[in-house]
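Trainee: I have not worked with this structure before, and I would like to learn how to read its features one at a time. Could we look at it together?

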Amino acid sequence: LEGYHRTTAGCFNISSELTIATFPDETTIAATAVAHKNGRTLQSFSTNAQGLMYDNCPGCPYKHYKMFYDYYGDFDYADKWVTAALDGTAADFTRNGDADFSSVAEVARVEAAQKGTAYMSVWMYVIREFEDAIDDCTLACIDCNYAAAHAWDEGVAFYTGSLEGSSGNSKSGDYGLMPYALAEKRCIDMRTCGADGDSVSGGSRVNHELSLLFLGGQQRLQRGECSAVRPIVDRIVQLMTVPLVQGSLRYAYKLGYQGSTLPKEKGEGAVFAASVLPLVANCDAKFGRDDAGIIYNNMRIGAPLTSWSAVKAAFERNYECMGITCAEVGGIWDAASNSYFAAGAPCVDPKLYEPIAGYIPGSQVTDHNALDLDQEDFEHELNEEDGANFIAAKAIYEKGGNSKSYAEFTVDALRSSLAKGLRVTGKSSTGAKVVGYVYEDTPKDAVVLRVQYETSDAQANYVGCRVG
């Protein structure tokens, strides 16, 4: 086999004898022929998938692989796709996703083949290695988990590839060819680079986050904290999905909004869609939709037309289900105008709370976050220039002042009980409306009613009453 990286300097020579280190003596044998082969191929990641990911593993079937099998109906779906693209034939899947390469331009077949290996076959095998690491993990045994940690390392290696060098060459534009490089390319196209994911420089945010998750998974495996690795793998898959969605949207925009008819871009759009459609279909099954069908019909090989708005909406309806966000995917960025292309802006996530030192909470915790103001007041009283005010400090320590503020009313005996959370309104001393909620379940005939003040999402003015 001739190849770009072919080298024979380190190969066995048929003219030399073979010395085998048997115990207690060495054995020498003569060989009459030698063939040099490879035990790992791009094709084998798909053709061996059934046994490794569905039938013959402790955690089988692996849930993400099962989503792809359920969609395509074939265990070797990636091989069927790539082989058809290479041969110029039809990939006829058992269930969904057919692709007929028999009458498309060569450049479209090239894109379908080379991206199919990296983003369909290798992408799934990366996940297989992380799942295998969990399978191999021995609970609470520091010295038992070399195999698990090695499987984890293999996953990172396959995700990244040797062309990235030791520091990630794609970050400087010298792109590799594996999913790592895709994340670096797409973050520039979609303005999701940088630590905050809102730039076109600074490296892919996906890869920033993945590097931390890779390290965290490795450390937990080494410590035998097996169950703690499951949520890490789930989040890794979510992040690895982002560049596939970005690629699908990038080419849907080129084809559907900008009107491109280039076979190359049609091929790229089709293979990116094929790489992520099973994840969308899995969401469809939960919500009774057919967004995967919408995307396929607009992006498939041979699609007569592509509707950008239909594809964009179909993906966005499934972001939450796939565990990704509008901000992570981004929009179609126009570097020349330093703005999003027309109709290419990203969607807006339903609720984005203010960051807490870079962490994005998933719920309102402004009132909880303000507890440090009690600490600030407490320390202030203890560090007065004219001596510590222990009385004031103790009052802050015992009674608080900045978190979970409530009003305690003395009232006429309640005629009925009041449930916690009921909305209460009144007026301030200036006549402004004040809103609160019943602090706790309050029984009938109670003469004390506690009402917690309403808090806002904005930390700067999270509550209108702090009088502890």
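This is a predicted model: local features need pLDDT of at least 70, side-chain atom pairs count only at pLDDT 80 or more; totals for chains, interfaces and linings use all residues.

Trainee: How many bridges join β8 to strand β9?

Mentor: As a general idea, strands of a sheet pair through backbone hydrogen bonds, either parallel or antiparallel. Here β8 and β9 (residues 433–438) run antiparallel and are joined by 5 bridges, and G426 stands opposite V434 in β9.

Trainee: How many cavities of 30 Å³ or more does the structure hold?

Mentor: Rolling a probe the size of a water molecule over the atoms shows where empty space is left. The structure holds 5 cavities of that size, and the largest cavity contains about 70 Å³ of space. Its lining has 13 residues, of which W81, A270, A274, Y296 and R300 are the closest to its centre. The largest share of this lining, 4 residues, comes from α10, and the lining residues divide into 10 nonpolar, 1 polar and 2 charged.

Trainee: Which element gives the most to the lining of the second largest cavity?

Mentor: That element is α5, with 4 residues. The second largest cavity has a volume of about 50 Å³, and its lining residues, including F45, Y65 and M120, divide into 9 nonpolar, 2 polar and no charged.

How values were computed
Residues are numbered from 1 along each chain as its sequence is written. Side-chain values use heavy atoms; hydrogens and water are left out. Two strands pair if DSSP finds at least two bridges between them. Helices (H or I, at least four residues) and strands (E, at least two) are DSSP runs, numbered from the N terminus. On a 1 Å grid over the protein atoms alone, a cavity is a set of points where a 1.4 Å probe fits but cannot get out, and a pocket is an open set with protein on both sides within 12 Å along at least five of seven lines; lining residues have an atom within 4 Å of a point. Grid points are joined across faces, edges and corners, and a volume is the space filled by probe spheres set on the points. Ala, Val, Leu, Ile, Met, Phe, Trp, Tyr, Cys and Pro count as nonpolar, Asp, Glu, Lys and Arg as charged, and the others, Gly among them, as polar.
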